Amino acid sequence: MAMLQAVNVEQRRDSKVLLKGVNLDIEKGEIFVIIGPTGAGKTTLLRILNLLDRPYSGDIYFNGFNATRSPGQILQIRRRMAMVFQKPAVFNSSVFENIAYPLRVRFNDRKTVASRVEYMLGITGLSGYGKRKAKTLSGGEAQRVALARAMISDPEVLLLDEPTANLDPSSVKIIEDLIIKFNKGNGVTTVMATHDMSQGQRLAHRVGVLMQAELIQVGNPSQIFHSPDSIRVAGFVGIRNIMNGKIIAAESGIATIDAGGSHIAGVSDLPVGSSVNIYIRPEDVTLTLQETASSARNTLNCTIKSLSFSGSLCHISLDCGFPLEALVTRKSAEEMQLGEGKNIYASFKATAVKILQEPNGR
Amino acid sequence: MQELWEALVQAVNLIVSLDPEVMEISWRSLYISAIAIILGAVICIPIGGLIHFHDFRGKRVVINIIQTFYSIPTVVIGLFVFLFISRAGPLGGLQLLFTPAAVIIGQMLLILPVLTGMTISALNGVDKAIKDTALSLGASGSQAIWTIIGEARFAVVGALILGFGRAISEVGAAMMLGGNIKGYTRVLTTAISLETQRGELVLALALGIILIAIALVINVIVNIFLQRY
């Protein structure tokens, strides 16, 4: 049974639809990452999951129990979860009192509070910070306090809303390590919203993509980041070389697509005449100086428009009758003496061409 | 000029030598205003909380009216309470007129609007995320409200001290309701007024210096609190 479940959740503010038809199962013990651009509805969804807001329609099940239909139980259910907000709001008191808060509102005795707070301070690397005023902490420290505070009551579900937004890289690392530690050590089911794709890849067991109020794809990180099932997701996760075209020929599983005059071969079972979107990952494009016989179905004569080096890689923009991006190592770019205006052959296999049928009405 | 200077020296002498009459009047002033402010706090903080945490029609209007009464004249309060507690008034049977209790009631009514209004703005000043944070960490609705009031504590204390300053320095209500009875309802402000009229400038001046000193101390305390807030 899913730990936390959203069934047909819709949310509105005034007449604006903030979430529509969201169905989501969060499994016990997993780290589920919700990615999506700013304003997609990530915070709205987390607030509903935490029972802070009532959905306009739809239901939230906690451990199989319908929480939206039992207002009298909300406090009890919410006390089995904890949420950390994007901007950590610390109480105007000491770090100790901040972390102790969840135990205080649950009327724990003083000894339990003292020993639990000390333990949480230690585990989050904040030993000795207990007496500091929480308002004087840096952003990274405040977020660690917020995590310690959320975890002190040993919740079953931890909800995190952009927990590392606006933090410096070393603080991001500390927070991410803590999230993994709590998930592995305490087995806390974790739901995290982020717009940082690489963070999603690092932490997630499963990923849900929320765009324009809809959860449009749920899957494991490699499905989401390497073979998204729609152009919208592909665009969001940073896949380049997205084109649209029409299948003009199909033969034994290989389709020929006319993309703005250029012909590209790809693997597809779609019938001739289908409108399709295609994308090619830049790292799947091979560059050669001569037209060589290779197994790659597609070989195009291109001109280099620009190069940009980053680290050991080189990003190359090509003009092949349509714009194409390729990614090669800095070393091979230097060996081939690639430069702006140079003529070159780009090839890629038919299997490197991902073909998605264009949704109706688009 | 010479006279004024001599009067000033003698006034300081009265204070330094802890003149019994001066001390007695000062002490009465302090405790009457302190009781007024404590009663006011007990009434105003919950009312301010109720207004802040509930959305209702005309909320803006209510807050505007409260703010208008910040500067209600003390003599009007005096007159209003007088009508209620004088012999012929609805509360005449309690025989409150010309007692310290009457002065306390008058000063308390005087500061109710300031305390309520400033409690509301203090609560408004608390980060909106505090409520969500409290709830998400397992607080019940009323625990979350207490947490927010706790967050506003410095601003609320600032409001109380400001109200105390207004209460201890007013003269209208104290004169009309207390009657300036020596050894019973005579406070700093009424004593200054009387002694000045009688030509006892040295005593009036000593009492005035004490009143200013109290105002100064209050101001310093307010500033310390507001800085911490």
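Chain A is divided into domain 1 (4–236) and domain 2 (242–357), with bounds that come from an automatic or database domain assignment. The model is predicted: local features need pLDDT of at least 70, side-chain atom pairs count only at pLDDT 80 or more, and totals for chains, interfaces and linings use all residues. Residues are numbered from 1 along each chain as its sequence is written, while chains are lettered from A and ligands numbered from 1 in the order in which they are written.

The centres of domain 1 and domain 2 of chain A, taken over C-alpha atoms, are separated by 40 Å. Their contact takes 6 residues from domain 1 of chain A and 5 residues from domain 2 of chain A; two residues are in contact if their C-beta atoms, placed from the backbone, lie within 7 Å. On the domain 1 side, 2 nonpolar, 3 polar and 1 charged residues touch domain 2 of chain A. In this classification Ala, Val, Leu, Ile, Met, Phe, Trp, Tyr, Cys and Pro count as nonpolar, Asp, Glu, Lys and Arg as charged, and the others, Gly among them, as polar.

Chain A also contains an open sheet of 4 strands, in the order S2-S1-S4-S5 and with antiparallel pairing. Helices (H or I, at least four residues) and strands (E, at least two) are DSSP runs, numbered from the N terminus, and two strands pair if DSSP finds at least two bridges between them. Strand S2 (16–26) and strand S5 (65–66) of chain A stand at the edges with a single partner strand each, so one side of each is left without a neighbour in the sheet. Strand S1 (residues 4–13) of chain A pairs with S2(A) over 7 bridges in the antiparallel sense, and Arg13(A) has Lys16(A) in S2(A) as its bridge partner. Helix H1 (residues 42–49) of chain A packs on this sheet, touching S1, S2 and strand S4 (57–62) of chain A. The direction of H1 makes about 120 degrees with that of S1(A), where axes are lines fitted to C-alpha atoms, for helices over the stretch in contact, and angles run from 0 to 180 degrees between N-to-C directions.

Another strand of chain A, S8 (residues 189–194), has 6 of its 6 residues buried, so it is largely enclosed by the rest of the structure. A residue is buried if 20 or more other C-beta atoms lie within 10 Å of its own, exposed if 12 or fewer, and partly exposed in between, with C-beta atoms placed from the backbone. In a regular strand the side chains alternate between the two faces of the sheet. On one side of S8(A) lie Thr189(A), Val191(A) and Ala193(A), and on the other Thr190(A), Met192(A) and Thr194(A). S8(A) pairs in the parallel sense with strand S3 (residues 31–35) of chain A over 5 bridges, and Ile34(A) stands opposite Ala193(A). Strand S7 (residues 157–161) of chain A is likewise parallel to S8(A), over 5 bridges, with Leu159(A) opposite Val191(A).

Between the chains, 13 residues of chain B are in contact with 19 residues of chain A. Helix H6 (129–136) and helix H7 (141–151) of chain B each give two or more residues to the chain B side, and H6(B) gives the most, with 6 residues.

The largest nonpolar core has 164 residues, and Ile99(A) and Leu207(B) have the most contacts inside it. Such a core is a set of buried Ala, Val, Leu, Ile, Met, Phe, Trp, Tyr and Cys residues joined through C-beta atoms within 7 Å.
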